[in-house]
Amino acid sequence: MDALLQQIFTGLVSGSFYALLALGLSVIFGMLGVVNFAHGAFYMLGAFGAVTVLDTIGVSFWLALVVVPLVLAVLGMVLERTLVRRLTSLDPLYNFLLTFGLALILQDLVRLKYGVSSQPYSRPDLLQGSFNLGLFTYPRYQVFVLVFSIVVSVAVWLVLSHTRIGMIVRASTERPELTSALGVNVGRWVTPVFGFGVALAGLAGVLAAPMRAVNSEMGGDLIIVIFAVVVIGGLGSVFGSVAAGYLIGMLTAVGNFYVPALSQSLVFILMALVLLLRPAGLFGREESMS
Amino acid sequence: MLSVHGVSARYGEAQVLTDVTLDVQQGEIVTLVGRNGAGKTTLLRCLMGLHRSMSGRVELDGVDITRRSSHQRARLGLGYVPDDRGIYASLSVEENLLLPPVVDERAWSMDQVYEAFPVLADRRRQTGTHLSGGEQQMLSIARVLRTGARMLLADEPTEGLSPLLVQQIGDIFRSVREHGITVLLIEQNLHFASSLADRHHLIARGQVVESLDNSEVKEREHELLEYLGI
Amino acid sequence: MSKMRKLGALVTSFAVGGTLAACGAGGPGEAGGAITDDKIVLGVITDLSGVYSELAGENAVEAVRMAVEDFQAKHGDDAVTDTIEVISADHQNQPEIANTKAREMYDREGADAIFDVPTSSAALAVAGVAEQNQKLFFDIGAGTTELTGAQCNPYTYHYGYDTYMLAQGTGTTVTEQGSENWYIIYPDYAFGQDMNKSFVNAVEGAGGTVVQSDATPFPNDNFSTFMTKAPGLDPKPDVLGTMQAGGDLVNVVKQYNEFGLREKGIDLAVGLMFETDIASIGVEPLAGTLFTTAWFWNLDDRSREWADKFKERTGSRPTFDHAANYSAATQYLEAVQRAETDDADAVNEELNGLEFDDFFARNATLREGDHNLEHDSYLVEVKQPDEVEEDFDFTKLVETIPAAEAFMPVEDSGCEMG
């Protein structure tokens, strides 16, 4: 039983990354209708951002947690203004291809600069060691990741549910055309929302740097799982993607424990089931599919 | 107030509107009457700037708004009540009301809205789509009144409603007119239309086939009903 | 992404296949006893852009070029030919691309021998092409024992290391030192499965027990499950053996440290590791970790001398893959020189059973029975951070495993040369 609880906790930690990434992906998809294939690349840039600011100007992990997402937000907004925007009126496939190409370019640029080996990055001193969680002890850093991601998710949820900006984002996600016909300048919010989604990916990247291999491939491997998470949670459903993120994390961890060989397929089996039985996703609304 | 000159529109290969010309005067209630698929909804979408492949000219108070984006048109005073009522499932009733920005000083305050539509006040915290059809229709109309829109473009507000509710909607539009707000209404219910409107445009196969005063409609009601096949 | 690559590979193979068919059967040169086209062509198929491009990659090609230059400098006018070319191709670790590139090199570019080819499935593909074309292939980058086992052939040599040797060094020695209970995790693909099998054999052969071995997804960035599981196994393992490579290995080590397994009495043993991996993880988290290597540059003066030349040329220290490429190319060229022809069968006669000793391969024999290069291998330990004197100076020798014990006995290999 302890072992199972521990696996569930482990799953929640890896789910933290899924949740943050799926959240950004979902907000971007909702607002722009763009399936952002470059999301994994932004996550990778986040991790490299942490490494770079440490190596070049000695910026600590804590500061990187703020600075790197901000820089990525700017990058995201520039990309939205210069590239993504030009294709939004066309078939969504065009932006899918654009972001796919962007992902490859970003990945290759990083590889050109840093090579294929992973970059070293260590945990902040404050988070070395372990916490005793009663039933088991757990690495401090990972507990921090879980708590931090929950805090960020809740904060995003509060902003979305309790502010005018959040209301506009929700409305534009649900019915962009109608929202515009009601006098809301949807286009003005598209750029910052894209930047925000990218910043979330970058934040996940910074969080990953101390505990995962930092190399140009790290995002490409992850993005497919994140797509599955978003589909399972319900495309465009913010709450759904966060919940599905933690859920998939737990599923993979428990799967790893009992049937390691099958654990990766579990995600996609679940996705197939969801698509068959509840095409709008576990938390998606049927109406928003039309 | 609103004039439409030679508007044509396509859906892909299909020509949906051909050279539509009509006008609506300040303070009038005017209906667009016609069968399903005649092009009424497309015309309203053209006026709202939601249909891209169109030609012709749309003027609001003498200002050419043909090139304006739809949120700019809303800010110039066009209030859109879409055919599916356009209530957001992800917004509460109150948020549905607060979403569109106020565009004119004669905008209704929330108090006024709730006074006029007490049912919305009772359900302000509920999810918008949890309201009944009639309540959603009221919400959709109240939403644009709160912005201070000078002209409502309403797409079949009575569709699927019980006679009692249709009556209520009729009352709402009459009181809207009393506030000096102009209304362009899509309607298939000829009886309802003639009980309310000043003038009517008959639309068939994407063209205005006849424009009639309300009195003429009343006289020719049977003939027109047959023509419309309603 | 791999889908796009596969598509690319498919398109390439169609294009190349078409061209070859149009050219008709070129066939290998018939004239024995001389150098075809008056030149020797050495082909290097390696990973020029992917995960192995630093431990092999461009510098592997450079090592072969160094071998050619040193050969020319040594023999001068007496060299069997004036012209020795080095060509290279990127196989992106895909067997189908490796297959295509190997055919292209042998058939159209006149390659006499191909070197390197990391990734086991790709190496096996090239071995097949070598046999069909009756041209030589020196596998260096891939570790599968199949190359000198069931799938061996007279034209393929395995030069440097294999999974048996890695397991023999690490698995046997660590078990004999008293860490008897193993928990093994391995990536779920050919190399990982091969490594797992070899390690289980080695550990059990030395009297130890493999408590459990788990296949892990590949690629994988989260090994927490396995780290939390390890201390609870019964009996509690003394050592965690990881067969992961590249980025996955980095993840394992980061998470091994995070979960404090060393403090819980579970040591870490790594199946295959290169200096490039240690650089990415950092020396500190790995200090004291044992692993087996075919060679390391700081072994002794002979090795350092070559490593200095290599660094002068490339700017970095060599991995054992780079050194083995140099060594293999040198032994091949010398064999051609002695045979006075680049005819593969004649060169083969020179190489078969050859005993030699160079800076890379000590007490070496190119075994006639299975074409495996038998040579001393080394059990090494990652240095403590304060012992590191320069970049890539990461390992120190624990024990030299004599050539005769380091590799699988020929009679066990299952190889039947056709």
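Chain A, with 290 residues, has a radius of gyration of 19 Å, which agrees with the value near 19 Å for a compact globule of that length. Here the radius of gyration is taken over C-alpha atoms, and the globule rule is 2.2 Å times the number of residues to the power 0.38. The structure is a predicted model, in which local features need pLDDT of at least 70 and side-chain atom pairs count only at pLDDT 80 or more, whereas totals for chains, interfaces and linings use all residues. Residues are numbered from 1 along each chain as its sequence is written, while chains are lettered from A and ligands numbered from 1 in the order in which they are written.

Along its principal axes, the C-alpha trace of chain A spans about 55 × 45 × 35 Å. Chain A holds eleven helices and two strands; helices (H or I, at least four residues) and strands (E, at least two) are DSSP runs, numbered from the N terminus. Their order along the sequence is α-α-α-α-β-β-α-α-α-α-α-α-α. Of the 290 residues in chain A, 56% are buried, a residue being buried if 20 or more other C-beta atoms, placed from the backbone, lie within 10 Å of its own. Among the contacts in chain A with a separation of 6 or more, 76% are between residues 24 or more positions apart; a contact requires C-beta atoms, placed from the backbone, within 7 Å.

Helix H10 of chain A (residues 238-258) is a handy check on geometry. At 1.5 Å a residue its 21 residues should span 30 Å, and the end C-alpha atoms are 31 Å apart, which agrees; the expected span is 1.5 Å times one less than the number of residues. H10(A) is also mostly covered, with 17 of its 21 residues buried.

Turning to chain B, ten helices and ten strands are found. The radius of gyration of chain B is 17 Å, in agreement with the value near 17 Å for a compact globule of 230 residues. Its C-alpha atoms fill a box of roughly 45 × 40 × 30 Å along the principal axes, and 44% of the 230 residues of chain B count as buried.

Two pairs of chains are in contact, and chains A and C share the most contacts. Chains B and C do not touch, their nearest C-alpha atoms being 33 Å apart.

Chain C is divided into domain 1 (35-161 + 301-376) and domain 2 (164-293 + 378-406), with bounds from an automatic or database domain assignment. The C-alpha centres of these domains of chain C lie 28 Å apart. Their contact takes 18 residues from domain 1 and 19 residues from domain 2.

The largest nonpolar core has 288 residues; such a core is a set of buried Ala, Val, Leu, Ile, Met, Phe, Trp, Tyr and Cys residues joined through C-beta atoms within 7 Å. The residues with the most contacts inside this core include Ala22(A), Leu153(B) and Ile114(C). Leaving aside neighbours within four places in sequence, Ile114(C) is in contact with several residues, among them Ile45(C), Met105(C), Val126(C) and Phe137(C).

Definitions and conventions
A residue is buried if 20 or more other C-beta atoms lie within 10 Å of its own, exposed if 12 or fewer, and partly exposed in between; C-beta atoms are placed from the backbone.
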